[in-house]
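The structure is shown first, and the notes follow.

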Amino acid sequence: MQGNLFNTTKGRLFSFGMMYISEGIPFGFTSIALVSIMRQSGLGLDVIGIFTAALFLPWTFKWAVAPFVDIIKLTHYGGRKAWIVACTIMMLITLLISGLLDVVENFDALVSLFILHNIFAATQDVAIDALAISNLKPDERGRASGIMFGGQYLGIAIGGSGAIFIYGYWGFDVALMVISVLLFLNLLFILFFVKDLHIQKAKIVTEKSVLHELYVSFIYFIKAVFDSFWLSGRIPILALLFAFLPTGTMALAYASLQTIQVDLGFSNNEISQVTLLNTIFAGIGCVIGGYLADICGLRKMLFTFYFLLIFPGLYLGTRIYMAGLEDIHTYEFYTIATAHGFLFGMGFAVSTAYFMGATNPMVAATQFTVYMAFGNLAIMVSNYWQGIVSEHMGYANMFFIESVIVILPLILIPFLRTREEMKVEQTLIR
């Protein structure tokens, strides 16, 4: 294996897939495995909702991290690779410290620790995306995007369902150690086989010049964001509003998927199987959804997938309302969770494609990061209210309310336009 995999197309694609696996493993562990463990430990749904919402809080501020990653180049230490390595190390440290805390007795400390963990995870994500933008060739971006999302879902499956499976047989400490070892191996891979091809010749930078560049960058950042969002017509404003709305129905994609399984009395092995199926079919849905959007039209498929996402949760809510949670059969829930995962993957892929089309190429990294940050804010808010409603009003009412909320993005979808579509419409009007 050669020293720098970035020297070849296959090497670049493989490398970014591996780096996105490193993103997915801790995300799956914290948002899936830990949620299941917390519920088994007797924590309430409202408390778990707060924990899950806290996990996504740092991801809503990725846009604030991006200028630092761009300005502080760390050319002496490997460029953006240095950011990735440093963040991965800190993610490992925070994960290992979590093993010293009890999920019930030290809940507040655990929340604070994982907020810190996700600050490093979000920064790692920004650095990986920046590395991809600067190193991938134009004809590699499509394949790279698919491999990166596939790697992320694989990582989520390992960190989520894999950790739950290990926890069921050998306990939390072993599960945490396996996750940490996998993350460490990925760190070694980055250290030895990845090198930024676009690192400029190292130069000595004084403290004054660094501070000056930071100041100039922030001024430019504020101006660029303002111009891109408020002086570019209605496209970015509608996109921003759409990003804040939920991606169809999301209860069966995040915390509620885990807590319902615990309340159904599923074993750790069954929870692992359901989560794995959900994750695998979400990844397949991403690929198929993007393919269908290219053939049939983006908005048409976006509306279709969001609309279809209503039915798995609505069906489950109706069954719980009519017969109670205890009447839900194991394979019935398997089917519902898998169907939702497949549809959610489709909706997620197409919505991401739309945000790319609504992004100004002049400030692509910044503007796209803001859209994604608002999407993470939507996930955080959804997990928060879903936990509270489920605890005090029951799962059925939570699913019913969520089905009604989907009407909001469905109303907005017909008005969405990419920048290319808007240019065509303006030309026809003239």
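## Cavity

A cavity is a set of points, on a 1 Å grid over the protein atoms alone, where a 1.4 Å probe fits but cannot get out; lining residues have an atom within 4 Å of a point. Grid points are joined across faces, edges and corners, and a volume is the space filled by probe spheres set on the points. The model is predicted: local features need pLDDT of at least 70 and side-chain atom pairs count only at pLDDT 80 or more, while totals for chains, interfaces and linings use all residues. Residues are numbered from 1 along each chain as its sequence is written, and side-chain values use heavy atoms, with hydrogens and water left out.

Searching the whole structure gives one cavity of 30 Å³ or more. The volume of the largest cavity is about 60 Å³. Its lining consists of Leu45, Ile48, Gly49, Ala255, Ser256, Thr259, Asn383, Gln386, Gly387 and Ser390. At least two lining residues come from each of helix H2 (45–56), helix H10 (255–263) and helix H15 (364–393); helices are DSSP runs of H or I, at least four residues, numbered from the N terminus. H15 gives the largest share, four residues. By type, the lining has three nonpolar, seven polar and no charged residues. Here Ala, Val, Leu, Ile, Met, Phe, Trp, Tyr, Cys and Pro count as nonpolar, Asp, Glu, Lys and Arg as charged, and the others, Gly among them, as polar.

## H1 and H7

Helix H1 (residues 9–40) packs against helix H7 (residues 172–193) at an angle of about 165°, and the axes are 10 Å apart. Axes are lines fitted to C-alpha atoms, for helices over the stretch in contact, and angles run from 0 to 180 degrees between N-to-C directions. H1 and H7 are therefore roughly antiparallel, a term for angles over 145 degrees, with those under 35 called roughly parallel.

The crossing of H1 past H7 is left-handed, meaning that the near helix is turned anticlockwise from the far one by less than a right angle; clockwise is right-handed.

## H12 and H13

The axes of helix H12 (residues 298–308) and helix H13 (residues 310–323) come within 5 Å and cross at roughly 10°. H12 is therefore roughly parallel to H13. Tyr306, Phe307 and Leu308 in H12 meet Ile310, Phe311 and Pro312 in H13; six residues of this contact are nonpolar, with no polar and no charged ones.

How values were computed
Angles under 35 degrees count as roughly parallel, over 145 as roughly antiparallel, 65 to 115 as roughly perpendicular and the rest as oblique. On a 1 Å grid over the protein atoms alone, a cavity is a set of points where a 1.4 Å probe fits but cannot get out, and a pocket is an open set with protein on both sides within 12 Å along at least five of seven lines; lining residues have an atom within 4 Å of a point. Contact means heavy atoms within 4.5 Å.
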